[in-house]
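This briefing takes the fold topic by topic. Keep the sequence and the 3D view side by side while reading.

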Amino acid sequence: MSIPSFEKLFTKDCGVSNIVRCPVCQKNVFHRLFENTDTGLPAVFLKKEPVSYFAVCPECASVFSVNKNFMTELLAGTSCIMTESDLDIIVKGGKKDE
């Protein structure tokens, strides 16, 4: 049995970033980049921004929102470099055991 939902979320893999120091685990890693699009009715009625971008650290699994201007330029094919200042923490992950 399925339950219908008003949420219509689509996530697209946007590849990886250049090497950036993770603000949580302090390791230099290639963050995985994603684009999230919300086309559901609640988002439309609340006039919420439909597209958001986020990055995931492969070492500690922390999730960050990514500066929209950076992602717009990157997806347009412009050569640009991500820095720690382009990342804002959403969910703090844990460190892997060594």
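Contact here means heavy atoms within 4.5 Å. With that cut-off, Leu33 touches Lys12, Asp13, Cys14, Gly15, Val16, Ser17, Phe54, Ala55, Val66, Met71, Leu74 and Met82, leaving out residues up to four places away in sequence. The model is predicted. Its chain averages a pLDDT of 85.

**Confidence**

- Residues scoring at least 70 make up 86% of the chain.
- Confidence is highest in β4, at 95.
- Helix α1 (residues 41-45) has the lowest confidence, at a mean of 70.

**Nonpolar core**

- The largest nonpolar core holds 17 residues.
- Those with the most contacts inside this core are Cys22, Leu33, Cys57, Val66, Met71, Met82 and Leu87.
- Five elements each supply at least two residues of the core: β1 (9-21), β2 (28-38), β3 (51-56), β4 (63-66) and α2 (68-75).
- Three of the residues with the most core contacts, Val66, Met71 and Met82, are also among the residues that Leu33 touches.

**Around helix α2**

- Just after α2, Gly77 has a positive phi of about 95 degrees.

**Cysteines**

- How many disulfides does a search of the whole structure find? The count is zero.
- The cut-off explains this for Cys22: a disulfide needs cysteine sulfur atoms within 2.5 Å, and the closest cysteine sulfur, in Cys57, is 3.7 Å from that of Cys22, so the two are too far apart for a bond.
- Cys22 is buried, at a relative accessible area of 0%.
- Cys60 is in no disulfide either; its nearest cysteine sulfur is that of Cys57, 3.7 Å away.
- Cys60 is buried too, with a relative accessible area of 3%.

**Salt bridges**

- Two salt bridges turn up in a search of the whole structure.
- Asp13 pairs with Arg32, with the closest N and O atoms 2.6 Å apart.
- This pair links distant parts of the chain, from Asp13 in strand β1 to Arg32 in strand β2, 19 residues apart.
- Both partners are partly exposed: Asp13 has a relative accessible area of 40%, and Arg32 is at 36%.
- Asp13 is also one of the residues that Leu33 touches.
- The side chains of Glu59 and Lys27 form a salt bridge at 3.6 Å, N to O.
- Glu59 sits in the loop between β3 and β4 and Lys27 in the loop between β1 and β2, so this bridge ties together parts that are 32 residues apart in sequence.
- Glu59 is partly exposed at 28% relative accessibility, and Lys27 is partly exposed at 31%.

**Loop between β1 and β2**

- Gln26 lies in this loop.
- Its phi is near 65 degrees, a positive value in a residue other than glycine.
- Gln26 is partly exposed, with a relative accessible area of 41%.
- Lys27, the partner of Glu59, is in the loop as well.

**Loop between β3 and β4**

- Ala61 is in this loop.
- Phi of Ala61 is near 65 degrees, again a positive value in a residue other than glycine.
- Is Ser62 buried or exposed? Ser62 counts as buried, at 0% relative accessibility.
- Ser62 also belongs to the loop between β3 and β4.
- Beyond its neighbours within four places in sequence, Ser62 is in contact with Val24, Ala55, Val56, Cys57, Ile89, Val91, Lys92 and Gly93.

**Segment after β5**

- Gly94 lies in the segment after β5 (87-91).
- Which residues does Gly94 contact, leaving aside neighbours within four places in sequence? They are Glu59 and Cys60.
- Gly94 and Val24 are 70 residues apart in sequence, yet 8.6 Å apart in space, C-alpha to C-alpha.
- Val24 is also one of the residues in contact with Ser62.

Methods:
Residues numbered from 1 in each chain as written. Predicted model: local features only at pLDDT ≥ 70, side-chain atom pairs only at ≥ 80, totals over all residues. Heavy atoms only, no water. Core = buried A, V, L, I, M, F, W, Y, C linked by side-chain atoms within 4.5 Å. Buried < 20%, exposed > 50% of the residue type's maximum accessible area, 1.4 Å probe, protein only. Helix = DSSP H or I, 4+ residues; strand = E, 2+ residues; numbered from the N terminus. Salt bridge = Lys/Arg side-chain N within 4 Å of Asp/Glu carboxyl O. pLDDT = per-residue confidence, 0-100.
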